[in-house]
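Please open the structure in a viewer and keep the selection panel at hand.

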Amino acid sequence: MAVCVSVIGKENSPLYIWVGNGKEELHLHYLAHTALDVIQEKVSAVNKTPGDTRELYLGLLYASEEYKVFGYTTNTRIKFVIITDAANTTLRDNEIRMMFRRLHNMYTNVVCNPFYVPGEQITSREFDKGVGALVAGN
Amino acid sequence: MSRQSMRSNDPKKVSGELFTLTYGSLVAQLLKDYENVDDVNRQLERMGYNIGMRLIEDFLARANPGRCYDLRDTADKIQQAFKLYLGVSPSIGSWSPGGDEFSVVLETNPLAEFVELPDHCLSLRYSNILAGVIPPISHLRILAHLPRERWKSLLTGLRKDIECSSIVYSHLEVEKGMFNE
Amino acid sequence: MAEEAMFDFIHMEAVSYVFQGGEKLAEDEAVSKLEHMGFATGYRLVERLTRESGRYKDELDIMKYICKDLWVTVYKKQIDNLRTNHQGVYVLHDNRFRFLSHMATGKQYLQYAPRYLAFTCGLVRGCLANLGVTCVVTAEVTQLPACKFQIQVQRG
């Protein structure tokens, strides 16, 4: 399953990051952050080729020996990054896509809370719960 | 909830969400305008009352709900109005032995769908507008058909509506004997 | 549909609250409160509504979205006419704007019309802000119930 889930704001500031127990936290933070450049590239590349599907899910951004990094971007310029163990071959592309869509829904609910100030770190209990269920595969 | 239904852009649901979000912005504005949370609660109830006054006209025109002969009829109409305007059916229950008090309970509260109250306003009755809406809609029905009815409505408002998954508890009291006139 | 009526009701309450509130607000301050509520609503709404759409290509693509999908969602009709000078100014004409359609037509009511436009100016600005377009939105009524919204994109 996922080892890291991260939500990154419009100006590339992290809004939320979850790292699995016993994982190298700093390294994963670094990977999630590096992924932003790849996301940026993918987004602007698609814009130049008309007729291309402009799907929110961006697919596999890159893979190292240890990890696979996947990306997703919303129309509101929020980026989601999910990192999985490279050894994990049971997760199919479609399942990753579904995880992103769920994450997107959960994020949308956070924004719709009238007391949440957009751009601030996410401290929602519901969101925590949701991410917990997401990474546990429920 | 299936993922499909979570993501559907059903126009009915979107209209409901638009209302929910607008309401959220209004509550946030009131919290900015008033220092005291109790004042916000009162203001919300007052707004609910005004909405109730408009809503009853709309309801009569739209749904032609028919006459109310007693408080049980009234309770039915309240239920019907919630279904029509908020898309949720509250359950009516906890009738008092004298049949002059009842509760309206919402299992899911569309107003509070996305709300997580910050710690500094836990005494906010977020959905108090609903408490305000009920008296005019029930009130007017009765007055319209029983003109001599003297009718006292008493509302205890919403109890902890966020924490215990959105329960609306409202409570109406009618002075006894008036129905027989 | 009755759910739509609730939006109208809550909007009317917001308008009468800011204009008849206990503090007797100055007109400007009242308008800016409504605008702010609209902004907060639009910002959140567009987050929900664009979950299903593909990514927008450019600014014009976004404006078309506002005129069609957003307007239909919120006001149950499309914008009747969209004009642009291709330099960041967009003018949206609505020949029968929902919040004005309840108002009697007549010169004497015209002065109150801006009160019913402020929330929507904010709503549009909020939607666009969240989609990455910073702008100023103003509205004008010439003849009830028609009105036009002008969007001036701020570049830089």
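**Stop 1**

Select R77(A), which is partly exposed, with 16 other C-beta atoms within 10 Å. That count falls between the limits of 12 or fewer for exposed and 20 or more for buried, hence the intermediate label. The model is predicted, and the torsion angles discussed here are those of the model. Phi of R77(A) is near 65 degrees, a positive value in a residue that is not glycine. To place R77(A) in the fold, display the loop between β4 (67-73) and β5 (79-85) of chain A.

Next, select K76(C). Is K76(C) buried or exposed? K76(C) has 12 other C-beta atoms within 10 Å and is therefore exposed. Its phi is also positive, at about 65 degrees, although K76(C) is not a glycine. The loop that holds K76(C) runs between α3 and β1 (81-84) of chain C.

**Stop 2: a cis peptide bond**

Remain in chain C and show the backbone from L144(C) to P145(C). The peptide bond between these two residues is cis, with omega near -5 degrees. P145(C) belongs to the loop between β3 (135-141) and β4 (147-153) of chain C.

**Stop 3: chain C as a whole**

Now colour chain C by secondary structure. Read from the N terminus, the elements follow the order α-α-α-β-β-α-α-α-β-β.

Hide the side chains to view the overall dimensions. The C-alpha trace of chain C spans about 45 × 35 × 30 Å along its principal axes. The radius of gyration of chain C is 15 Å, which agrees with the value near 15 Å that a compact globule of 156 residues would have. Of the 156 residues, 44% count as buried. Among contacts in chain C with a separation of 6 or more, 58% are between residues 24 or more positions apart.

**Stop 4: where chain C meets chain B**

Select the residues of chains B and C that are in contact. The selection holds 25 residues of chain C and 26 residues of chain B. On the chain C side, α1 (2-20), α2 (27-49) and α3 (59-75) each supply at least two residues. Which element gives the largest share of that side? It is α1(C), with 12 residues. Coloured by residue class, the chain C side comprises 13 nonpolar, four polar and eight charged residues.

**Stop 5: where chain B meets chain A**

Move to the contact between chains B and A, which takes 12 residues from chain B and nine residues from chain A. On the chain B side, α1 (3-7) and α2 (11-33) are the elements that give two or more residues. The most comes from α2(B), with five residues. By class, this side of chain B divides into eight nonpolar, two polar and two charged residues.

**Stop 6**

Finally, display helix α2 (residues 93-112) of chain A together with α2(C). Their axes come within 9 Å and cross at roughly 165 degrees. Because angles over 145 degrees count as roughly antiparallel, α2(A) is roughly antiparallel to α2(C). The crossing is left-handed.

Show the side chains at the crossing: α2(A) contributes T108(A), V111(A) and C112(A), and α2(C) contributes R44(C), E47(C) and R48(C). These residues divide into two nonpolar, one polar and three charged.

Methods:
Residues are numbered from 1 along each chain as its sequence is written. Chains are lettered from A and ligands numbered from 1 in the order in which they are written. This is a predicted model: local features need pLDDT of at least 70, side-chain atom pairs count only at pLDDT 80 or more; totals for chains, interfaces and linings use all residues. Two residues are in contact if their C-beta atoms, placed from the backbone, lie within 7 Å. Helices (H or I, at least four residues) and strands (E, at least two) are DSSP runs, numbered from the N terminus. Ala, Val, Leu, Ile, Met, Phe, Trp, Tyr, Cys and Pro count as nonpolar, Asp, Glu, Lys and Arg as charged, and the others, Gly among them, as polar. Axes are lines fitted to C-alpha atoms, for helices over the stretch in contact, and angles run from 0 to 180 degrees between N-to-C directions. Angles under 35 degrees count as roughly parallel, over 145 as roughly antiparallel, 65 to 115 as roughly perpendicular and the rest as oblique. A crossing is left-handed if the near helix is turned anticlockwise from the far one by less than a right angle, and right-handed if clockwise. The radius of gyration is taken over C-alpha atoms; the globule rule is 2.2 Å times the number of residues to the power 0.38.
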